[in-house]
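User: I am new to this structure and would like a close look at one part, the place where the chains touch. Please keep the account plain.

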Amino acid sequence: MERLKSIDNFKALQRRILSDVNPAIPTIVISAGTCGQASGANDLIRVSKRELLSRRLTDKIRLRITGCQGFCQMEPLVVVQPYGTFYPHVGVKEMSRIVEAVAAGQVLRDLLYVDPETGAIIEKQDDIPFFARQTRTILRGNEKVDPIRIYDYIESGGYSALMDVLARQDPPWVIEQVKASGLRGRGGAGFLTGQKWQMLADQRNGRGKFLVCNGDEGDPGAYMDRSVLEGNPHSIIEGMLIGAYGTGVTSGVIYVRNEYPLAVKHLVIALRQANELGLLGSNILGTGFSFDIQMVKGAGAFVCGEETALIRSVEGKMGEPRQRPPYPVQKGIDGKPTAINNVETWANIPAIFTQGAGEFAKIGTLQNTGTKIFSLVGKVRNTGLVEVPMGITINEIVNTIGGGPAGPARIKAVQTGGPSGGCIPAKMFDLPIDYQSLAQAGSIMGSGGMIVMDENTCMVDVARYFMNFLKDESCGKCFTCRKGTQRMWEILDDITQGKGTASELELLEELALVVKDTTMCGLGQTAANPVLSTLRYFRQEYEHHIREKRCSAFVCKDLVGAPCQSACPLGTEAWRYVAHLARGEYQEAYRVIRETNPFPSVCARVCDHKCESRCRLGTSGSRPVAIRALKRFITDHVDPSVFKAQPRVPTSPDNPRVAIVGSGPAGLTAAHYLSLDGYRVTVFEADQEPGGMLTSGIPAYRLRRDVLQREIESLLDENITLKCNTALGRDFTVDTLFKQGYKAVFLALGAHKSRRLNIEGEDLEGVYPAIHFLKEFNLQGKKLAKGHAGIIGGGNSAVDAARVALRQEGVESVTLFYRRLRHDMPALKEEVDLAIEEGIQLETLVTPVKIESRDGRLTGIQCVRNELGARDASGRRHPVPIRGTEFLRSLDTLVITIGDEPDIDYITSMGIEINERGTLRTDPDTLATSRGGVFAGGDVVTGPNTVVDAIAAGKKAAVMIGRYLRGEEMKPTEPVRVPQVYVAPCGISEEEAGGLRRAEPHTLPIELRKRSFSEVELPLLDEDAQSEAKRCLRCDLEFTEPRASEPELATAGVKTV
Amino acid sequence: MIELTINGLKLSVEKGTTLLEAARFLGFPIPTLCHMDGLTPYGACRLCVVEIGEGARARLVSSCTYPAEDGLKIRTASSRVMKARKMILELLLASCPQSKTIQDLASAYEVRQQRFKQEYETCILCGLCVRMCEEQMMAKAIGFRGRGEHRSIGTPFDVQSDVCRLCGGCMYVCPACQLRCTYTEPEKAICGGCANLSPPCLEKEQFDDMMCYMKPCVACEIRKD
């Protein structure tokens, strides 16, 4: 490389480079930043080089190795320029095919990016939603240059801005331009760069000044500076040269983390090349301007990102901050004036001078100009680096560019600004991203880390994680930072272990405020942010941990135990019966189930299996253990008589009497457990059969009637009297019950009134509310559906109604109308699949507007189509009607299933309060209503809910009523439940377990299903159940496995510490 | 000269004066642990925080390191300052309860409870000893090591320093252990190598626990003769 002696020399070189390039020749761009190399980009480079050489294509195709382009999720990726064809996740074999295709001028459609939301194949990089919504000023540069080739940088227009600046010979103009651009420092604090430079330029230049590029990026999950250092080091050098010219500085320092080896390597090469070309050093291009850059490698202390600590580190001392003032711009490295800017700030400088300060200032908002790179990571579909204009909302970044949540769980919050930042809850996602708004929300911009968290993230655990980081990374100089972070961690650790107290929470908050107030540097002043912001927005999670000893995200190990067990409202030890099943001990397994659940066979069929949705196998990427199907297997194989419920108090006619109103799962469960405690119970049922919704709501093809009856009968013993056809409000009141000598009343009335659509024609003949439709059939055998049937709704009862209608004679077709998309339906996914298999049509994105009729009888329904609008706080997109898309559908039957509510208008006259949701008001801890001695539980309190929740309410009611009758204290009872019984594992090797697939129960063949009410789901086969049970990860063993004593370990050759 | 206001009183001081010096000149008491006249201000213990600025811009700074600025308004005992000081003293008591200096300060500031898990540390990392050794004894025998909760004071690699003259200056200034070194009755001091002519010989492990940097032990050295 020849040393350039003048600006003209440079321009000649630039012309020569540009004339050498034939823009028509396609270029294969392989992204090989650290992320690319880690995913295998080096192999792709090798393969493509070999292919190009062996096919003699070196003149016809260019190959460019670049830094990270941002879409790290899709690495290793290849882009073919100038077409912009984007190939994600390229393997070695695909690479050869790509070279071949490029040579032939073809596009390989099978390798292109597929939009996960729409399923569309997208060819061009710029059309991919992830890229389309970004404004890539800086990251675009990464695609254009090979970071180790200065000629590449010059070819893409690099160093032209410097030439303009040098040619103008007007340093104050440089500072004016930066001021006019409104650029704020990208390191986190957002100080105006132009102002900082002005201050530096105004300092007397007696002994020299320094410009520093701060590349000590240490926030967990943030790597935007790395990608610029690795991918485009010359842009930083150019930025520093311009800055040095404007401020009259002759020495520069690039401080970069030693943990970024590729960045260090590329910087060393870039600095050498710039020196050789005469762009660095003394008398640059004959202008008399001299500037040298020295690279300093940081030894890995997070605090060295703080400017005063960085200065000490550059000086070769221990990295610890000092008091400001004096500010570095007055006294910096070796006591000389020093201006420190972040990597991204420097990378913005050439952009300002290339496009003009005025143009730059137009991007973003008035106070926050330009673009900002965010490192979008965590529980979001598209992770990577995104560059967006300032002032864009969090919603756009997370849900539009990021593509929303990565899994089924909803997004709960984002954490911005790394360990010193704070969490912003999903309900505030309309917040624009700028320095001021984030600070107001209790977070900081920081260098741009953005960690997305979903419902499986525990905010207390997040705060604890960051505090653990900070207590190690605090320099330790300020007592309040060193001890404060330790003590905050200690308290947070206590809370996550279930040892926290309410007073500790107060202390935590008090301490956090003092730490924020009294520390010297930015690290300490923001160290309390993770605690303060999670306390501000997620205090209820802290309180759950402390009061109820529950971690709702199922993260805190000591509170969760085995997730399947703690997810179950009944606390069923799912892990335990699965373990027994795997060992072939079926009777033992049945006893475990029956111990906590009086309706094992019912739950084995219709439970919504919260255990499965929390199964660690499922949350860690595989599919959860089929716990419900295994329970079905056990209940089908074991005679219920192996479990004998043991009465705790002998029956006697003198025992107090309890009235239970309603014989659904809640009522019968309460009756059963009260009876075991010796109380005499009378159960009143309004319908002619017991069972509540189990009998009247759930169709027989899901829950066999003989199974249900057997289970109900097994619970009715000599202490329990059942009175059917007796309804509260009609046949008796609460007062009459007390008059008759009942000492306590439990209201388990259920929710038996269907909600109305509130549109015209709901009372026509042929239009039925869901409950009425199902009850008429399940209890009376009346078949109300005929001809073309329509069902409105997307819940479980909608699917039930649809499948019941399909099975009635004279029905030609059944259509479900739902306002959102299929995967938004609240019904169990398996049920929806089965319904569609059976031939039920699904109309999604429609809302009914009007019911059509002739002579008082339904003839059809008018609907309007919806499109999905903005995402609401839940992360689901809201349906918005499209004008002019109304359509008519002829129907003979219409069932409205948009939700149920309790039918309890009469109850206030009995002295029992109703809340604003139309359900009974109870104390959540004791289930007591506003009237003494009257308790309530189940759907009448919660609104339509699951069977297992009703059973749990019944169990709790039995405990509370017992306490009430014995005059004991009414305190909540929910001790920490971690696995306590050791069941030896069945000894399956990891390879064996890895090869097992989740066993799905077979279903009855379609032709047998359509017109019959025989049970659809078949039990698992023996060997399937066995192997399914063996898939269990056995989370319980961590708590129950007996620890081998030290002598035993010693003989086994294991060393103990 | 720089004009500033401390607790409502106007004062003019020379450039380079710290807020602590200015406040003490007027007689306002500000507690310190890591400050000592004759040593460079360090700002580690944070006990000397005072409130500066007004309204939303008001903040706490350590008065021992903050230089006087023209027009600055300082409050040395506002409720925000007192709340912070009490919490700092509570943290100090939780870590180093046996120090007489800390006990006295806590008592003076009416700290009546200590709500953290009790620790018994022998060092609060105020750095007085390090500065004493470097600035007054011109030795630089000891320094800080590690960071965060692993920060400690000692010699590089725990090897005895060639430049240590066993002067005992480090112990003399220590707020956490000064009592045992400068006990009013030297014979009863645990070590008292600095003041005691016939120091008791202690087991080596105990000696290490005492954060004493005198190696070899003065007591042993004296007995050798």
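How many residues does the contact take from chain B and from chain A?

Analyst: This is a predicted model. In it, the contact takes 25 residues from chain B and 28 residues from chain A. On the side of chain B that touches chain A, the elements giving two or more residues are β4 (59-62) and α2 (79-95) of chain B. Of the elements, α2(B) gives the most to this side, with 5 residues. Sorted by class, the side of chain B that touches chain A holds 14 nonpolar, 5 polar and 6 charged residues.

For chain B, the domain assignment lists domain 1 (2-108) and domain 2 (128-224). Where these two meet, 11 residues come from domain 1 of chain B and 9 residues from domain 2 of chain B. The side of domain 1 of chain B in that contact has 6 nonpolar, 4 polar and 1 charged residues.

For chain A, the assignment includes domain 1 (7-129) and domain 2 (150-362). The C-alpha centres of domain 1 of chain A and domain 2 of chain A are 31 Å apart. Their contact takes 12 residues from domain 1 of chain A and 14 residues from domain 2 of chain A. Helix α1 (residues 7-20) of chain A supplies the largest share of the domain 1 side, 6 residues. By class, that side of domain 1 of chain A has 7 nonpolar, 5 polar and no charged residues.

Conventions
Residues are numbered from 1 along each chain as its sequence is written. Chains are lettered from A and ligands numbered from 1 in the order in which they are written. This is a predicted model: local features need pLDDT of at least 70, side-chain atom pairs count only at pLDDT 80 or more; totals for chains, interfaces and linings use all residues. Domain bounds come from an automatic or database domain assignment. Two residues are in contact if their C-beta atoms, placed from the backbone, lie within 7 Å. Helices (H or I, at least four residues) and strands (E, at least two) are DSSP runs, numbered from the N terminus. Ala, Val, Leu, Ile, Met, Phe, Trp, Tyr, Cys and Pro count as nonpolar, Asp, Glu, Lys and Arg as charged, and the others, Gly among them, as polar.
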